[in-house]
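Work through the exercises below with the model open. Each task is followed by its solution.

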Amino acid sequence: MRTVGQKYKSRSSAAVRSGLAVLAAAALAAGCASGTGPDVPPAPGQQGAKEAAEVRAAQQAARVAAAKRWGLKKVPLTPPPPPAVKPRITTREGFEVDGHRESNLPPVFTTIPTRHKVVFLTIDDGAEKDPAFLRMMSQLKVPYTAFLSDYLVREDYGYFAKMRDAGVGLNNHTLSHPYLPGLSYARQKREICGMQHVIERRYGKRPTLFRPPFGNYDRDTLRAAKACGIRYAPLWNEEVFVDRWEYREWDRKIRPGDIVLSHFRGREDWKGTMPDMIRRFLNKVTAEGYAVARLEDYL
């Protein structure tokens with residue numbers, strides 16, 4: 001089996017002119033006496049536009065302050081609105097398994113079809129639980145998607161509940177992070193369906209996204225994932241660490257719609273912290289004109 005490693009009407013003109021002259025004189029006198037003109041409220045549409053502009057200005061000011069606070073070189077770019085019509089997601093060429101299309105198995109992909117300069121940040125496993133990372137992402141308003149494994153998440157389910165409350169998608173990365181192609185179909189299904197149950201029980205929603213550990217899978221993996229309610233199996237096109245980037249493509253370039261992988265890691269595994277990793281990630285994508293969008297908005 002093959003293994004594959006988003007009005008007035010006047011009575012007479014003269015009478016009206018005379019009356020208007022008297023009213024105008026009275027209004028002018030009143031205005032001069034008070035030091036202000038008449039208090040005329042803006043039209044409803046003007047008021048709404050003014051309030052919306054004020055909100056946008058406040059949000060941008062907060063993003064500028066957050067970028068400075070977290071040591072970014074530039075303010076992260078704002079992504080476009082989610083697409084009204086979701087792109088068609090298909091399996092990347094060379095990533096298929098036998099009977100992939102015929103069995104309607106979850107598509108395996110590394111990039112979302114889009115013309116917009118957006119990328120998608122995904123973070124795997126759940127080993128590091130850094131409160132500073134949560135504060136950073138909340139203040140910067142940067143979206144990301146998590147793929148969780150229970151053997152690590154169970155140390156602090158509450159940490160990931162804070163992510164969920166902030167709108168982060170919590171998705172499936174198996175119970176114990178095994179090399180799935182080395183397991184039987186039944187054991188693969190237990191790993192995937194078991195994590196579905198954990199996420200639903202702990203966080204209230206059954207995931208539809210699944211990422212196989214190490215990016216390794218076979219036909220049984222995708223069959224089991226489908227049986228467990230999985231619709232998509234996103235992989236990645238780049239991976240970001242504290243000190244470097246790694247690329248799937250030969251030219252080492254970011255492309256519109258690319259999915260970027262990182263991990264929940266800290267100083268025990270990296271030469272820095274998760275905020276250090278995010279700083280490296282955002283500095284590069286922002287400098288190249290990319291915004292960070294939410295993966296689930298495009299699926």
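Buried means under 20% relative accessible area, exposed over 50%, and partly exposed in between (1.4 Å probe, protein chains only). This is a predicted model: local features need pLDDT of at least 70, side-chain atom pairs count only at pLDDT 80 or more, and totals for chains, interfaces and linings use all residues. Residues are numbered from 1 along each chain as its sequence is written, and side-chain values use heavy atoms, with hydrogens and water left out.

**Exercise 1.** Find the disulfide and describe its setting.

Solution. 
- Apply the cut-off: a disulfide is a pair of cysteine sulfur atoms within 2.5 Å. The count is one.
- Identify the pair: the sulfur atoms of C193 and C228 are 1.8 Å apart.
- C193 sits in helix α6 (residues 185-203), and C228 in the loop between α7 (219-227) and β7 (233-234).
- Check burial: C193 and C228 are both buried.
- Read the torsion: -100 degrees about the S-S bond, a left-handed link.

**Exercise 2.** Locate the largest nonpolar core and examine M163.

Solution. 
- Set the rule: a nonpolar core joins buried Ala, Val, Leu, Ile, Met, Phe, Trp, Tyr and Cys residues through side-chain atoms within 4.5 Å.
- Take the largest: it has 45 residues, and F133, M163 and F281 have the most contacts inside it.
- Note contributors: the elements giving two or more residues include α2 (44-69), β3 (118-125) and α8 (274-287).
- List partners of M163 (heavy atoms within 4.5 Å). Beyond neighbours within four places in sequence, M163 contacts F133, L134, Y144, V168, L170 and F264.

Note on methods
Helix = DSSP H or I, 4+ residues; strand = E, 2+ residues; numbered from the N terminus. Contact = heavy atoms within 4.5 Å.
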